[in-house]
Amino acid sequence: MILLPVWIALSKREVLIKAKEMLSKAGCPKTMLSIQDALEAVEGRWKLLILFALSEKPKRFKQIAKEVSGITDKTLSKELKSLEVNKLIRRDVYDTFPPTVEYTITPHGLSLEKVLDELHFWGLAHRKEVIEN
């Protein structure tokens, strides 16, 4: 389950100051490289939504496809393979007939919890900014 960040109670001004501090550090080549690595691991429209779907409990392919509406089976398969390569999810195959395959978010994948929380809150603020202004 994705938890709310601790600093949700910060004022709008404090949030803006924190954001400016973070963005001002972007000049460092190591920072740029680490951001590039992170973006490559979770790039695209679907990966973060898949991780969010798996954050509660392990799921089978069709369960994920239902929760991530709009994704095709082909794209879901490709994205699951990429997430597995990046060690964000684990694919478990059980010896049943037919074989049962289940996907589980890894501890490394769960480490994106704060990123998902912040992206959620930024998305709410962005939607408000774009729609109301």
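Contact, as used here, means heavy atoms within 4.5 Å. By that criterion, among contacts in the protein between residues at least 6 apart in sequence, 48% join residues at least 24 apart. The model is a predicted one, in which local features need pLDDT of at least 70 and side-chain atom pairs count only at pLDDT 80 or more, while totals for chains, interfaces and linings use all residues. Residues are numbered from 1 along each chain as its sequence is written, and side-chain values use heavy atoms, with hydrogens and water left out.

The protein has seven helices and two strands, arranged along the sequence as α-α-α-α-α-β-β-α-α. These are DSSP runs numbered from the N terminus: helices are H or I of at least four residues, strands E of at least two. Of the 133 residues, 25% count as buried, that is, under 20% relative accessible area with a 1.4 Å probe, protein chains only.

Helix α3 (residues 47-54) is mostly covered, with six of its eight residues buried: Lys 47, Leu 48, Ile 50, Leu 51, Ala 53 and Leu 54. These buried residues pack against α2 (29-42), α4 (61-67), α5 (73-85), β1 (89-94), β2 (100-105) and α7 (113-132).

A nonpolar core is a set of buried Ala, Val, Leu, Ile, Met, Phe, Trp, Tyr and Cys residues joined through side-chain atoms within 4.5 Å. The largest has 22 residues, of which Ile 50, Leu 51 and Ile 64 touch the most other members. The elements giving two or more residues to this core are α2, α3, α4, α5 and β2, and α3 gives the most, with five. Leaving aside residues up to four places away in sequence, Leu 51 touches Leu 83, Leu 88, Ile 89, Ile 105 and Leu 112.

How values were computed
Buried < 20%, exposed > 50% of the residue type's maximum accessible area, 1.4 Å probe, protein only.
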